[in-house]
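Open the model in your viewer and switch to a cartoon view.

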Amino acid sequence: QVQLVESGGGLVQPGGSLRLSCTGSGSISSMYAMGWYRQAPGKEREFVAGISWSGSRTRYSDAVKGRFTIFADNAKNTVYLQMNSLKPEDTAVYYCAADPTGSLYSYHYWGQGTQVTVSS
């Protein structure tokens with residue numbers, strides 16, 4: 001059993017910041033890569049950011065590159081998404097994900113999501 005629990009979502013104004021957290025528990029391995037996806041109303045779920053278990057590799061979508069930062073605390077089994085310069089188009093449910101292959105492309109485990117709303 002792998003459990004992923006997100007937190008940190010909320011309502012922010014355009015240009016504001018939020019930090020999302022995801023804590024893993026159960027049989028999750030410290031060797032997994034971790035990532036974030038998001039899904040806006042009426043749209044398909046899209047990749048946002050990923051990080052290798054060592055932290056040596058990261059990957060970002062073009063939509064968030066330069067504004068969002070993914071980082072992890074392996075001792076706490078927690079991955080974070082720091083979101084700066086938020087835009088209304090960032091509004092979505094954000095999902096934490098785990099990739100047992102470590103590739104940053106094969107996410108198989110998902111959290112329940114946390115809502116981020118960017119509005120004035």
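**Stop 1**

Start with the four strands that form an open sheet, paired antiparallel in the order 1-3-8-7. Keep in mind that this is a predicted model. Color the two edges: strand 1 (2-7) and strand 7 (68-73), each of which pairs on one side only.

Now zoom in on strand 1 and strand 3 (residues 18-26). Six bridges join these antiparallel strands. Which residue of strand 3 is the bridge partner of Leu4? Select Gly24: that is the partner.

**Stop 2: Gly24**

Stay on Gly24, which sits in strand 3. Buried or exposed? Gly24 is buried, because its relative accessible area is 9% and the cut-off for buried is under 20%. Show what surrounds Gly24. Leaving out residues up to four places away in sequence, Gly24 touches Gln3, Leu4 and Asn77. Then draw a distance to Val2.

**Stop 3: the disulfide**

The structure holds one disulfide. Cys22 lies in strand 3 and Cys96 in strand 9, so the pair ties together parts 74 residues apart in sequence. Cys22 counts as buried because its relative accessibility is 0%. Cys96 also counts as buried, at 0% relative accessibility.

**Stop 4: the nonpolar cores**

Select Met34, Trp36, Leu81, Met83 and Tyr94. These have the most contacts inside the largest nonpolar core, which has 27 residues. Strands 3, 4 (33-39), 5 (46-51), 7, 8 (78-83), 9 (92-99) and 11 (114-118) each supply at least two of its residues. Which strand gives the largest share? Strand 9 does, with four residues.

Center on Tyr94. Beyond its neighbours within four places in sequence, its contacts include Glu6, Leu20, Trp36, Phe68, Leu81, Met83 and Val116. Another core, of six residues, lies apart from the largest one; among its members are Tyr37, Ala97, Leu104 and Tyr107.

**Stop 5: strand 11**

Select strand 11 and show its side chains. In a regular strand the side chains alternate between the two faces of the sheet. Here the covered face holds Thr114, Val116 and Val118. The uncovered face holds Gln115 and Thr117.

Strand 2 (residues 10-12) runs parallel to strand 11, joined by three bridges. Find Leu11: its bridge partner in strand 11 is Thr117. Strand 9 also pairs with strand 11, in the antiparallel sense and over three bridges. Return to Tyr94 here; its bridge partner in strand 11 is Thr114.

**Stop 6: the salt bridges**

The count of salt bridges comes to four. Select Arg38, Glu46, Arg67 and Asp90, which are linked in a network of salt bridges.

Take Asp90 and Arg38 as a pair. Their side chains meet in a salt bridge at 2.9 Å, N to O. Asp90 is in the loop between strand 8 and strand 9, while Arg38 is in strand 4, 52 residues apart. Asp90 is buried because its relative accessible area is 1%. Arg38 counts as buried too, at 6% relative accessibility.

Arg67 forms a salt bridge with Asp90, with the closest N and O atoms 2.8 Å apart. Arg67 lies in the loop between strand 6 (58-60) and strand 7, 23 residues from Asp90. Arg67 is buried, and so is Asp90.

Finish at Lys65 and Asp62. Their side chains meet in a salt bridge at 3.6 Å, N to O. Are these residues buried or exposed? Lys65 counts as exposed, because its relative accessibility is 52% and the cut-off for exposed is over 50%. Asp62 is exposed as well, with a relative accessible area of 69%.

Notes. Residues numbered from 1 in each chain as written. Predicted model: local features only at pLDDT ≥ 70, side-chain atom pairs only at ≥ 80, totals over all residues. Heavy atoms only, no water. Pairing = 2+ DSSP bridges. Core = buried A, V, L, I, M, F, W, Y, C linked by side-chain atoms within 4.5 Å. Buried < 20%, exposed > 50% of the residue type's maximum accessible area, 1.4 Å probe, protein only. Contact = heavy atoms within 4.5 Å. Disulfide = S-S within 2.5 Å.
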